[in-house]
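Trainee: Could you take me closely through the charged and aromatic side chains here? I am new to this one.

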Amino acid sequence: MSTAEVWSGRGPARALRAAVSERVAKLEDSGPLALHMILVGDDPSARGYARAVQRGCKRVGMQAVMEELPGNSSTVEVVDRVLALNADAGVHGILLGFPLAEQVDEAAIVAAIDPAKDVDRLTTAAVGELFGGHTAVGPATAAAVIELLDYYEEPIEGRRVVVVGRSNVVGKPLWAMLLARNATTTVCHSRTVDLPGVTSQAEILVAATGSPGLIGAEHVGSGAVVVDVGTTYQNGAVLGDVDFEAVASRARAVTPVPGGIGPITNYCLMRNLVELAERRGVSC
Ligand code: NAP
């Protein structure tokens with residue numbers, strides 16, 4: 001029987017949307033804030049994601065351009081396009097739609113983005129900033145986890161947090177953001193020995209693996225908060241990493257999938273764009 005609270009992402013997403021919209025409105029006199037997305041090829045997930053970002057931008061009063069480059073574009077062609085956007089004062093953020101077409105060199109394209117316009121925080125400079133402890137502009141998914149915990153007033157400082165997943169886009173940046181908030185954080189991965197033994201020690205457990213149902217009751221200590229970042233599309237359903245029913249019988253709170261971290265992530269991305277624009281003095 002479920003005893004845990006369900007921590008939906010809708011409330012935090014609404015609060016964040018209002019806060020971001022307010023900041024966007026304050027910058028209005030300097031002209032519209034604009035995000036420029038580049039897609040290379042016609043991958044449906046990249047396009048679906050870009051459309052969702054476009055809708056989110058509209059809701060907070062930002063412009064969002066989705067530019068689809070031909071699927072046979074070369075790395076040089078894509079890099080040239082990125083350099084042109086870097087130089088365009090009317091573009092405040094640049095976002096690549098992943099996956100890019102496979103013939104292009106992803107690392108070279110990411111490296112071409114001006115870190116001051118890197119809303120996804122993928123460039124080496126952005127990563128350095130994050131790991132240096134400056135977390136105001138963090139990768140959106142990791143930031144969404146922090147946003148959720150803050151919204152539900154779950155203390156982070158001094159807590160034992162376990163993150164399952166060590167990717168550059170979720171697990172590692174989340175570790176850096178939690179450390180900056182003075183949590184004691186362990187990061188697990190596919191080679192972790194005795195995963196349940198480690199995760200069950202957590203006061204806050206975050207699963208970000210893309211392995212549906214990986215986290216069961218045996219992985220969760222009594223009274224823990226469990227945050228499910230996993231988003232796996234299978235037979236028309238969206239599945240999280242957490243076996244929700246099993247975990248809800250032990251945890252104090254669990255996030256659902258869908259409707260947990262997902263709705264918050266988009267607004268974290270938009271907050272990054274505002275933050276970067278403010279840094280560059282768009283409001284002056
Ligand atoms: P990823 O790059 O594939 O990384 C997965 C990580 O999980 C790896 O570190 C891997 O370990 C670890 N892992 C996989 N299976 C495991 C297992 N059985 N036991 C322990 N660790 C395991 O994925 P990602 O990009 O970080 O994304 C993770 C999940 O979050 C995906 O479902 C993705 O769709 C979702 N996501 C959601 C949002 C959102 O807004 N909600 C945004 C981004 C991503 P190794 O390093 O050892 O291989």
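Predicted model: local features only at pLDDT ≥ 70, side-chain atom pairs only at ≥ 80, totals over all residues.

Mentor: Start with Arginine 17, which sits in helix α1, residues 10–26. Residues count from 1 along each chain as its sequence is written, and side-chain values use heavy atoms, without hydrogens and water.

Arginine 17 has a relative accessible area of 34%, so it is partly exposed. (Buried is under 20%, exposed over 50%, partly exposed in between, with a 1.4 Å probe and protein chains only.) Arginine 17 belongs to a positive surface patch, together with Arg51, Arg55 and Arg59. (Patch residues have over 30% relative accessible area and no salt bridge; like charges join within 9 Å, nonpolar side chains within 5 Å.) Helix α2, residues 44–60, gives the largest share of this patch: three residues.

Now the salt bridges. (Each is a side-chain nitrogen of Lys or Arg within 4 Å of a carboxyl oxygen of Asp or Glu.) The whole structure holds 11 of them. One of them joins glutamate 67 to arginine 81, with the closest N and O atoms 2.7 Å apart. This pair links distant parts of the chain. Glutamate 67 is in strand β3, residues 63–69, and arginine 81 is in helix α3, residues 75–87. They are 14 residues apart. How accessible is glutamate 67, buried or partly exposed? Its relative accessible area is 17%, so glutamate 67 is buried.

Another salt bridge runs between arginine 121 and glutamate 129. Here the closest N and O atoms are 3.4 Å apart. Arginine 121 has a relative accessible area of 5%, so it counts as buried.

Arginine 181 pairs with aspartate 150 in a further salt bridge, and 2.8 Å separates their closest N and O atoms. This one also links distant parts of the chain, 31 residues apart. Arginine 181 lies in the loop between α7 and β6 (184–188). Aspartate 150 lies in helix α6, residues 140–151. Both ends are partly exposed: arginine 181 has a relative accessible area of 33%, and aspartate 150 has 32%. Then there is a network: salt bridges with shared partners connect Glu154, Arg159, Glu203 and Arg252.

Turn to the aromatic rings. (Rings of Phe, Tyr and Trp, the latter by its six-membered ring, pair if their centres lie within 6.5 Å; planes under 30 degrees apart are stacked, over 60 edge-to-face, the rest tilted.) The whole structure has three aromatic pairs. Among them is the stacked pair of phenylalanine 131 and tryptophan 175. Their centres are 6.1 Å apart, with 25 degrees between the planes. Why does this pair tie separate parts together? Phenylalanine 131 is in helix α5 (residues 124–131) and tryptophan 175 in helix α7 (residues 171–180), so the linked parts are 44 residues apart in sequence. Phenylalanine 131 is partly exposed at 41%, and tryptophan 175 is partly exposed at 29%.

Tyrosine 151 and tyrosine 152 make an edge-to-face pair. Their centres are 4.9 Å apart and their planes 80 degrees apart. Tyrosine 151 is partly exposed, with 39% relative accessibility. Tyrosine 152 is partly exposed too, with 24%.

Conventions. Areas by Shrake-Rupley, 256 points an atom, 1.4 Å probe, with all protein chains shown as cover. Lys, Arg positive; Asp, Glu negative; His and termini not counted. Charge placed at Lys NZ, Arg CZ, Asp CG, Glu CD. Helix = DSSP H or I, 4+ residues; strand = E, 2+ residues; numbered from the N terminus.
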